[in-house]
Amino acid sequence: MRIAEEHLRVGPTEGEPSQLLAITDVEEAEPLVSWPALFCAVGPRVKVLATVEGDEAAARAWIPRLGFDPARTRIHPLPSRPWPAPGDPAELLATAGAAPARLLGLLSVAYGRLREDELTTALEGPIETALAGIEPLVAVVEGTYAFRTNAARREVEERLDRGTLETSIRRLLSLAPNGYPCAYTRAHLEQAAAPLQAFAALVTEEHLARWMARPEGYLGFVADLERVRRRAVEALASGREATSLAVRAALVEASMNWCARREDHDAPVGVEPMTRETPLADQRQQAKALTALGAAMAAGPARAEVLAWAADAARRIPDVEFRGDVLLSLGEVVGGEAGYAFAREALAAFRIAEIAEDRAHQMLVATRGLPPDEGIAVAREALANLRDGDGDPGDVDCFSKHFPRAVAEALWPDAEALPGPARARLLAALAGVLGDPDRVRAAFAAVEQHIEPYGLQWHWTLTQLVPLLDAPEARRAAALAPQFGEHAAELFEGLIPRLRALGDPAEDLIEALPEASRVRALARSLPFAAEPARLRARIDEAIRKAEPRERSGFLFDVGPWFAATGDSDTLLAAVGPLSEDGLQSALGFLAHHDPAHALEFTRRALPLALRLGADEPDRLLDLVPLARYFPPDGAAAALGLLLDALAGEYRSAALAGDRVSLVRLVPLLAALAGDEGLAGAAREVVEVAAWFP
């Protein structure tokens, strides 16, 4: 299907003639082929000719079902076709004996050609006896049997009673599982509008094993997965159990894609190895996905079970640093004494890291999950190891954001005892945690003493202190900023709103900035402005003076501060007309920052993202954190498109990653199916991971 889609989209290369794809009797294949998915993006030099039975109204009804563009579709009536073989199907059926009638019944309900051995089993007798008198209707090709024409098949089917047809279907589906039933069970289930639970049997190891015994191999299995997944998404409105099946089918397909790229795969047998890669179901990704699913659930037995699965996967992570990271995250979700236990377990893993400096850094990270007294002891031990070993104790500033206040308080004397630059960096980091004015002043004085021009490390250190500086220190920091060259503007953008919050208009600093930086600095000053309307008017004027192509960039620069004051509409008006994709990006971006308009902007952005989502799933992903605002039908459509992308993921990202992954879909699953759906998805993670080691 993917090869066909790409071929139809691209079409012939330059110098080649246009292509004509002819498909006859499309209604015969509808249960087997997802037409719209195949034809939705046909290239301009590809023509498709499809024949259907019926009048012009019937033909028009097929246009959307095929996914054709009505503006590019023409209807051409065709003359009726004579029988290509002698014999009237109705007359032959009327005079047929019991065995021939049974054969006609089997052939009339079959979606594919039937092998002679299958027919012999279904007929409980030789094929020669069953063919007597009806030979004109039956075509034999390489030991397989089918009606000579679709028209003859329909003629016979219309004259058979419902009981005979149902009996014929049961006989076909009771044949050897790796034969006809493997290829066509799904089509029969769809034709019978079977309940969703019946399709679950197609997403099993047993069904895969049957496909692997056939020439189509796992490609046939993947085709079943795609249809089952989309059917489950369509059923989301009628029951939350559909969520689990949709997730299961997507994870299995992603696992198939991933497993096919491994040389060391153990399962499924028969998948051709391509390259050696980490399996999708590695324990780290399992644990991350399960932790995210459990974190979104309400307290109770179901959540406890999901988090227990996460803990089991985390403890099986072979890399000690990864294991510690996941256990620490799990402890933060669990909380309380159980959370402390996970943090201690993480610390034990960090302590056996091979590189001493990395070991000390990870110990500092672990302090965030430990009780205060234990965290203080661990932080002091790590700092001492860095001070007395080969590490730079000033690097502790990178981990200060993890420190509880008690740890930052306790480390202050240790930081004061450090030599020169390390002392300045760590004091600044700790002052950022503590926020105490005296300590901020002391830290800033140390930074002033040791700061190095053009040192980006010092630029970052100073940036940490900016939101806490008093007016004198802020002005001194402004005097230091030019030392950082092209990065000075970024520092000014933080200093200006701080000075305005302290009552200093900082006009000299504002006017010295380039236009884009000035607008950003003014926008960041909005929360502190005595007259915000005047400030907004000034920003609005700057945006309107900008070149049209630059205005949308301003929207993303200043959007968070306009949105926080509920003034997003003013900003959108100032930016002016946007393209469809630009409007979708802008609405989604502002919805994240403007609680007052989040529902409205999300509802406006979602249809645009759905329209673009098949080719650009990142647009939908950006909206997923706002899934609580999605209407039910929009949420189901978004999940369907994102699961399509997840299933086709060839990197190890289907469970956890920066692209389409189960972790990133958690808000959408929660909005659609609540705790029950989240627990079901977690169960599928465990089961599919066991299936694909």
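Trainee: Which side chain does a polar contact join to that of Glu684, and at what distance?

Mentor: This is a predicted model, where local features need pLDDT of at least 70, side-chain atom pairs count only at pLDDT 80 or more, and totals for chains, interfaces and linings use all residues. Residues are numbered from 1 along each chain as its sequence is written, and side-chain values use heavy atoms, with hydrogens and water left out. A polar contact is a pair of N or O atoms within 3.5 Å; within protein, one must be able to donate a hydrogen and the other to accept it, and residues adjacent in sequence count only if both atoms are side-chain atoms. For Glu684 the partner is Arg248, at 2.8 Å.

Trainee: Is Glu684 buried or exposed?

Mentor: Glu684 lies in helix α37, residues 666-691 (helices are DSSP runs of H or I, at least four residues, and strands are runs of E, at least two, numbered from the N terminus). Not counting residues up to four places away in sequence, Glu684 touches Ser244, Val247, Arg248, Leu251 and Ala689, where contact means heavy atoms within 4.5 Å. Buried means under 20% relative accessible area, exposed over 50%, and partly exposed in between, with a 1.4 Å probe and protein chains only. Glu684 has a relative accessible area of 10%, so the residue is buried.

Trainee: What are the place and the relative accessibility of Ser579?

Mentor: Ser579 is in the loop between α32 (568-575) and α33 (580-593). A polar atom of the Ser579 side chain lies 3.1 Å from the backbone nitrogen of Gly582. Ser579 counts as partly exposed because its relative accessibility is 44%.

Trainee: What is the bridge partner of Arg115 in β5?

Mentor: β3 and β5 (residues 144-147) pair in the antiparallel sense over two bridges. In β5, the partner of Arg115 is Thr144.

Trainee: Which residues does Val252 contact, leaving aside neighbours within four places in sequence?

Mentor: Val252 is one of the residues that touch the most other members of the largest nonpolar core, which has 196 residues. Such a core is a set of buried Ala, Val, Leu, Ile, Met, Phe, Trp, Tyr and Cys residues joined through side-chain atoms within 4.5 Å. With those neighbours left aside, Val252 is in contact with Val203, Phe221, Leu225, Val688, Trp691 and Phe692.

How values were computed
Two strands pair if DSSP finds at least two bridges between them.
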